[in-house]
Amino acid sequence: MHTDNLTTMYRAFGIGEKILNFAGAVESELKSRFEAIDARAEQNQLKVLKAMQDNRVSDIHFAATTGYGYNDIGRDTLENVYASCFHTEAALVRPQLMSGTHALHIALSGNLRPGDELLSPAGGPYDTLEEVIGIRPSVGSLAEYGVSYRQVDLLPDGTFDYDWIAEAVSDKTKLVTIQRSRGYADRPTFSVQQIGQLIAFVKRIKPDVICMVDNCYGEFVETIEPTDVGADMIVGSLIKNPGGGLAPIGGYIAGRRGCVDRAAYRLSAPGLGREVGASLGINPSLYQGFFLAPTVVAGALKGAVFAANIYEKLGFSVHPGGSEERHDIIQAVTFGGPEAVIAFCRGIQAAAPVDSFVTPEPWDMPGYDSPVIMAAGAFVQGSSIELSADAPIRAPYTVFFQGGLTWYHAKLGILKSLQALADAGILPGFSEDGADIRR
Ligand SMILES: *Cc1c(COP(=O)(O)O)cnc(C)c1O
């Protein structure tokens with residue numbers, strides 16, 4: 001499978017021959033999957049390029065602004081590029097949106113007023129949004145500002161409970177929030193088409209409701225985005241998919257002009273809106289990252305598909321399954337015991353370009369009810385488009401793994417995770433070999 005030279009190089013990383021042969025056989029069965037991923041990346045690359053050309057992106061847009069950032073044409077043009085690419089009227093793309101959670105908070109609090117109700121028709125939102133909304137009481141939550149919240153859980157098979165959703169949409173319902181990716185929850189990720197069906201259903205009941213999609217981890221996985229199927233607003237993080245690994249910070253909100261403007265007035269101040277906000281010299285990374293994002297996402301997807309097939313063949317439960325269609329870049333593997341979870345994360349860490357010599361340990365992270373272990377050797381702190389893995393140390397011992405700026409790095413990470421499991425005695429068939437040449 002591998003040339004001798006490549007085998008020698010993998011051996012130098014401590015990967016045993018049995019693991020190389022096994023992984024090579026799995027990889028060779030994935031040719032058509034990888035071709036399909038590449039075909040989508042090609043379409044998305046053209047989509048991004050067209051948006052850049054149509055907006056006449058030029059050298060002058062890479063200049064830094066400071067202070068108020070008035071007339072920052074680099075910032076304004078980048079926002080037009082996002083709007084063109086996602087087929088929206090407007091976009092807010094800012095380093096002042098500090099994370100995905102912050103962007104979602106701004107989109108929600110900018111568009112909701114006291115007395116309004118927020119509806120989540122597809123189960124509970126991402127963990128950090130519980131405090132934003134006030135599901136868990138928190139200082140400054142939407143609940144403190146008089147915004148109520150209603151949730152309709154998914155049916156046991158992971159589909160939308162349309163009967164209950166129809167009941168839940170009321171006069172007060174102002175905004176509907178739909179999370180595309182499963183995040184770290186136990187439910188399927190929704191396809192863009194499924195999201196479109198849900199939006200159409202809600203809009204038939206209440207045409208003027210604002211439909212917002214939390215697009216985190218979903219950008220460029222398919223060739224359409226939720227704004228192509230009726231979403232009024234999509235929101236995401238630039239240290240995930242659309243930043244292409246180069247964005248050092250930032251978030252985006254793209255959608256109808258009124259929605260984006262209201263978010264901008266919340267981000268800066270009433271009266272100021274989008275007119276202020278210096279880009280401080282990071283525009284080149286935001287443009288170039290967006291340009292690279294389709295191929296970076298393709299690499300991460302190949303890693304996720306490869307990991308799913310490897311661990312499924314070894315008898316572990318994986319979500320999504322090895323042959324399932326993908327709608328985000330997250331891969332979950334359930335190991336059933338803490339040793340395997342820890343070994344897996346240590347393997348991912350050992351493959352990193354940064355901090356490969358560090359040994360991840362479970363720790364009591366604020367806000368979590370069990371210890372959490374995280375592997376990340378990233379150029380940008382917390383960047384989860386870069387290869388990373390995390391897991392709460394509790395039953396059923398599931399690791400969530402995502403990212404990889406290149407497929408080759410994702411592959412090495414998975415091989416290292418396998419080797420770490422073998423070295424810990426968890427994969428008896430692979431255990432003896434490779435151990436002698438570990439670093
Ligand atoms: C990551 C993520 C968020 C929050 O983004 P942060 O940048 O971590 O604050 C919200 N929703 C989903 C689905 C996510 O994956």
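Visitor: Is Arg 75 buried or exposed?

Guide: In this predicted model, Arg 75 is found in helix H4, residues 73-85. Buried means under 20% relative accessible area. Arg 75 has 3% relative accessibility, so the residue counts as buried.

Visitor: Which residues is Arg 75 in contact with, leaving aside its neighbours within four places in sequence?

Guide: The neighbours within four places in sequence are left out here. What remains is a list of seven names, given in sequence order: Gly 69, Arg 94, Arg 274, Glu 275, Val 276, Gly 277 and Asn 283.

Visitor: How many aromatic pairs does the structure hold, and what is the angle between the planes of Phe 22 and Phe 430?

Guide: The structure holds 21 aromatic pairs. Phe 22 and Phe 430 form one that is tilted, at 5.4 Å centre to centre. Phe 22 lies in helix H2 and Phe 430 in the segment after helix H12, 408 residues apart. The angle between their planes is 50°.

Visitor: Why does the pair of Tyr 82 and Phe 290 count as stacked?

Guide: Tyr 82 is in helix H4 and Phe 290 in helix H10, 208 residues apart. The ring centres are 4.1 Å apart. Planes under 30 degrees apart count as stacked, and the angle here is 15°.

Visitor: Which residue lies over the face of Tyr 217?

Guide: The distance from the ring centre is 4.2 Å. The residue over the face of Tyr 217 is Lys 240.

Terms used:
Residues are numbered from 1 along each chain as its sequence is written. This is a predicted model: local features need pLDDT of at least 70, side-chain atom pairs count only at pLDDT 80 or more; totals for chains, interfaces and linings use all residues. Side-chain values use heavy atoms; hydrogens and water are left out. Helices (H or I, at least four residues) and strands (E, at least two) are DSSP runs, numbered from the N terminus. Buried means under 20% relative accessible area, exposed over 50%, partly exposed in between (1.4 Å probe, protein chains only). Contact means heavy atoms within 4.5 Å. Rings of Phe, Tyr and Trp (its six-membered ring) pair if their centres lie within 6.5 Å; planes under 30 degrees apart count as stacked, over 60 as edge-to-face and the rest as tilted. A charge sits over a ring if NZ of Lys or CZ of Arg is within 6 Å of the ring centre and within 35 degrees of the ring normal.
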